[in-house]
Every structure is written in structure tokens, then in C-alpha cells.
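Subject: Structure handover

Hello,

Here is the structure I promised to pass on. Please open it beside this message.

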Amino acid sequence: MPHRPASLLLGATGLALALALTGCASADWNVPRDAIGVVGSPAPGFAPEVEPTPEATVDPRSGSWDDVHPAPGYRVVLVTSGDDATTQTLREAVSAWAADEDVDLRTVDAGGDAITGIVHAMDLNPELVVAAGEDLIDAMAMVTPNHLDIAFLVLGAELAEPTENVTAVDWTGAGFRGEGLGSATHFDEASFTPERCDDAIRAGVAAVLTGMTGVVLWIS
């Protein structure tokens, strides 16, 4: 998904970029290629009968996303911030998903500079930017409306007013919306199980690939 150069400049902040060689061999992302298509289709109950409005919450049937896959070589950057247990579990789930789906995954550890981390992720020219970590949410709310040509997926949190290019996956016990807004439900670290985090990345990617974006997926 080619895009305009990011308008923000990167600073020397000690940002760490790890090239994750999970899935297929990491390719030169500056080389254009044919558009990636979706492999498979969601089962009934994934999308509502009536097209959801922007910022709507969608409650897909559990497992209805299982037959949706990215084509091999799908280019994803995972941006993380924080060393808490919930972020680590999400990071591990995304890495395992990438290996299982033959996804070309790169990881950016934003450290204490969330905006720089997100901009760096965009500048790598991915087809999808995945965000894991509550420390990223306020920065995401600032950056994403200015880059509508880039697809973003937020796991275990959401933006208070997402634009059409931002999709989120939440569940009871998650749902952080930014400083001052808190969580959509009572936060429960124990709800971030490996199984639920695996469902989150799979359901979220299925939504992005099938065009159901700008919404919050609520999974159980």
C-alpha cells in the first residue's frame, strides 16, 4: 500500500526496529508489487446484515473470521510501546500469527516516543500497521486522521473517534480509549489471554481485508 511520505520527521530517539523473519523471507518493501488480495471469506455472522456506520461497534460471531487469510507476503508493521504483560501477550500473538500465515512482519518498538514510532512504521511502506500498547493510543488519535491512505489496526484498545482507516478489536476487560477517557470496560489484565489475543489479530485482519474498517470489533 504505497503512501505519501510522512509529514513528521524522525528524531534520534533510540527507536528500535527489529526485522522479524517470521513467515516469508523479508523482501525489499520499497519495490512495488501487485495488490494483495484476501484469501477466503468470512462465515455468516462476521459482518452485520446492514453495513455498519463509521465508529460503530460490531459483534462478530466467534470464529467467523477463521477462513479469512492474507495472501502470502502480506506486509505488516507491528508498533508496540510498553513492557507490561498485556502488550507482551499481544506482541507474541501477532508474531505467532505472522509465522502461521506467512506474513512479512516487521516490528517497531516505539519506546517513549509514540509519534515517532508510528511515523517510522508508516515510512516502511506496509500494507497494514498494527498497534499494541495503551501508550500508543493518544498518538494514534493525532497521526491517523492525517494519513487516510494507510490502514491501521489497534488491538486491545480503541480510538475515541476513529477515522475510516482505523479498525480496533476489543473485549470485556480491554477497551482503553486514551488519557482521560479510560477503558470502555473495567480493565482486566487477565482478559489478555494468548487465545483472545490470537482471535484479536485474526478478526481484525479479516475486517481490514474485507473492507469493514473504521469500526470496533467486540469479541468474546
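Below is what was found in it.

**Ground rules**

This is a predicted model, in which local features need pLDDT of at least 70, side-chain atom pairs count only at pLDDT 80 or more, and totals for chains, interfaces and linings use all residues. Residues are numbered from 1 along each chain as its sequence is written, and side-chain values use heavy atoms, with hydrogens and water left out.

**Overall layout**

The protein chain has 4 helices and 10 strands. Both are DSSP runs numbered from the N terminus: helices are H or I with at least four residues, strands are E with at least two. Along the sequence the pattern reads β-β-β-β-β-α-β-α-β-α-β-β-α-β. The chain has 220 residues, and 48% of them are buried. Buried means under 20% relative accessible area, exposed means over 50%, and partly exposed lies in between (1.4 Å probe, protein chains only).

Contact means heavy atoms within 4.5 Å. Take the contacts between residues at least 6 apart in sequence: 70% of them join residues at least 24 apart.

**Aromatic rings**

A pair of aromatic rings is described by the distance of the centres and the angle of the planes. Rings of Phe, Tyr and Trp (its six-membered ring) pair if their centres lie within 6.5 Å; planes under 30 degrees apart are stacked, over 60 edge-to-face, and the rest tilted. That rule gives 2 aromatic pairs. Trp171 and Phe192 are edge-to-face, because their ring centres are 4.9 Å apart and their planes stand at 70°. This pair links distant parts of the chain, 21 residues apart. Both Trp171 and Phe192 sit in the loop between β9 (166–170) and α4 (194–209).

Phe187 and Phe192 form a tilted pair, because their centres are 6.0 Å apart and their planes are at 50°. For Phe192 the relative accessible area is 8%. Phe187 counts as partly exposed, because its relative accessibility is 37%.

The charged end of Arg106 sits over the ring of Trp29, 4.0 Å from its centre. The test is NZ of Lys or CZ of Arg within 6 Å of the ring centre and within 35 degrees of the ring normal.

**Cavity and pocket**

The search uses a 1 Å grid over the protein atoms alone. A cavity is a set of points where a 1.4 Å probe fits but cannot get out; a pocket is an open set with protein on both sides within 12 Å along at least five of seven lines; lining residues have an atom within 4 Å of a point. Grid points are joined across faces, edges and corners, and a volume is the space filled by probe spheres set on the points.

The structure holds 1 cavity of 30 Å³ or more. The largest cavity has about 60 Å³ of space. Phe187 and Phe192 are in its lining, as are Thr86, Thr87, Leu90, Gly133, Glu134, Leu155, Gly156 and Ala157. Helix α1 (residues 85–101) gives the most to that lining, with 3 residues. The lining divides into 5 nonpolar, 4 polar and 1 charged. Here Ala, Val, Leu, Ile, Met, Phe, Trp, Tyr, Cys and Pro are nonpolar, Asp, Glu, Lys and Arg charged, and the others, Gly among them, polar.

The second largest pocket has about 250 Å³ of space. It is lined by 16 residues, and Glu51, Pro52, Gly211, Met212 and Thr213 are the closest to its centre. That lining holds 7 nonpolar, 6 polar and 3 charged residues.

**Buried spots**

Helix α2 (residues 114–123) is mostly covered, with 8 of its 10 residues buried. Just after α2, Asn125 takes a positive phi of about 65°.

Val68 lies in the loop between β3 (57–58) and β4 (69–70). Val68 is buried, at 8% relative accessible area. Leaving aside neighbours within four places in sequence, Val68 contacts Val38, Val39, Ser41, Pro42, Ala206, Leu209 and Thr210.

Arg202 is in helix α4. Arg202 is buried too, at 18%. Beyond neighbours within four places in sequence, its contacts are Trp65, Trp97, Asp100 and Glu101.

Best wishes
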